[in-house]
Amino acid sequence: LDAEGTIVFRNKAAQLMFLTNVNQMNFCSLFSSTRGDCWDSLAKNLQAGEPSSHDVTVIDEKDGSTLGFVVSLVRISPEMMGHDDTNNDVFACAYVTPAHDNDGHEKVSYGSRGRLGKVDSMDRCIHKIFEDFSDHFDSHMKDVVEACGDPMFCVFEEGTIGCANGYAAQMFGYSREALAGMDISSICPVVRDVQKIAQCTNGSSMKHHQQKTLAFHKSGRSFNVEMCLSLNNSFAGSEEPVYFAHFKDLSALETHESELEHKDNLCQAMCNASFDPMFSIDQTGVILVVNDAACNMFGYSREEFINNNISMICNEKDSHSHDKYMQRYLKTGKRRVVGIKRPLVARRKDGSEFHIELGVSEVNLPDGKKVFCGYVRDRTQERLDKQMIRRRDAVIKDEFFTPKHEDARGAMKRNLERDQ
């Protein structure tokens, strides 16, 4: 105790006796027969090395029983504390022991129920302390487990389930009463394996363990779960390690992921069915979807396209300005490409450039974001065909309208040079 009667240090027996963390509490406030201000009178009479004894009582709020104790106080001199600076606040030590009557029996009264028969005072006190502590521990443990919104178990060191909440009972098909006392390995063997590893290393290698594993329903059906196991070495003041196991059923999540994968595959198959190259990009220009026709046209694989910027297929002039064009559209809404087909020059993986026609459509998502779908058509053959038509027209025109003394081949040669 310090000079004000505040508890500075306490041992384990004190915590078990009073069922709480008494540090920083006023010592006199622990007893029913003393006043909170009694410390002043006690401190005045304390002498270094000379203990003084006082009879005190504690009334149990549950059953009204009164337990008697003897408090021995002794003043601690500076010489006894040594030169350790951490002990400068220590003023006195208090020793609390069960009180005895003249016959050596415990002083315990039970109001209207009368006095108990003669029992050994120390056994009675210790029994009551541990009985109350066990009730407190179980109650606290159940409160923690019940407060969890996920299936949760409290598991003791030997693998026995202490308690389970309603979510756990529903997940595994047992009642909560049936789960209490079961071995955790019967519903999830990995939990017990992790416990054994922690015990071999005295818990130093595991405070929190999480992994995906198999669990077993009461019907024998196995299903995938995500298991999280945490170790508490001093739960509610207990020295026994306690494990808390959380579970999350992954069945619904896996079904949902399977459905999403099916939809993605269906969407990709529909895109691949298109003869024209197609891209889907987000607001930053990052490629989200690409079909086989686009991969064949530009020479990239799907993996090289996905999560890269669409500017990778733009020519040198447009690649540096593409993001700026997109941000300008998002701010102003003025369409220069979206909804309009435009002739552009694109670039393949090998660096060669060719003429394309680009059509872009806009898709508004429920979260307010936008996705842009681009459709590309190679205009190389179209341009070659137009050139051939122009040349043929030039030859026909020169054949009928060129003077006879001029050779038609010379006119065609001249036209070709002009086209080039």
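**View 1. Helix α12 on the sheet.** Helix α12 (residues 322-332) lies across β10 (278-281), β13 and β14. The helix runs at about 130 degrees to β14. Angles run from 0 to 180 degrees between N-to-C directions, with axes fitted to C-alpha atoms, for helices over the stretch in contact; contact means heavy atoms within 4.5 Å. Helices (H or I, at least four residues) and strands (E, at least two) are DSSP runs, numbered from the N terminus. The model is predicted: local features need pLDDT of at least 70, and side-chain atom pairs count only at pLDDT 80 or more, while totals for chains, interfaces and linings use all residues. Residues are numbered from 1 along each chain, and side-chain values use heavy atoms, without hydrogens and water.

**View 2. The open sheet.** Five strands pair antiparallel in the order β11-β10-β14-β13-β12. Pairing requires at least two DSSP bridges. β11 (287-290) and β12 (342-347) are the edge strands, each with a single partner, so one side of each lacks a neighbour in the sheet. β13 (residues 353-364) and β14 (residues 370-378) share 9 bridges. Val363 stands opposite Val371 in β14.

**View 3. Arg379 in its loop.** Arg379 sits between β14 and α13 (380-401). Its relative accessibility is 14%, so Arg379 counts as buried (under 20% relative accessible area, 1.4 Å probe, protein chains only). Beyond neighbours within four places in sequence, its contacts include Pro343, His355 and Lys386.

**View 4. Arg348 over Phe354.** Arg348 lies over the ring face, 3.9 Å from the ring centre of Phe354. A charge sits over a ring if NZ of Lys or CZ of Arg is within 6 Å of the centre and within 35 degrees of the ring normal.

Notes. Buried means under 20% relative accessible area, exposed over 50%, partly exposed in between (1.4 Å probe, protein chains only).
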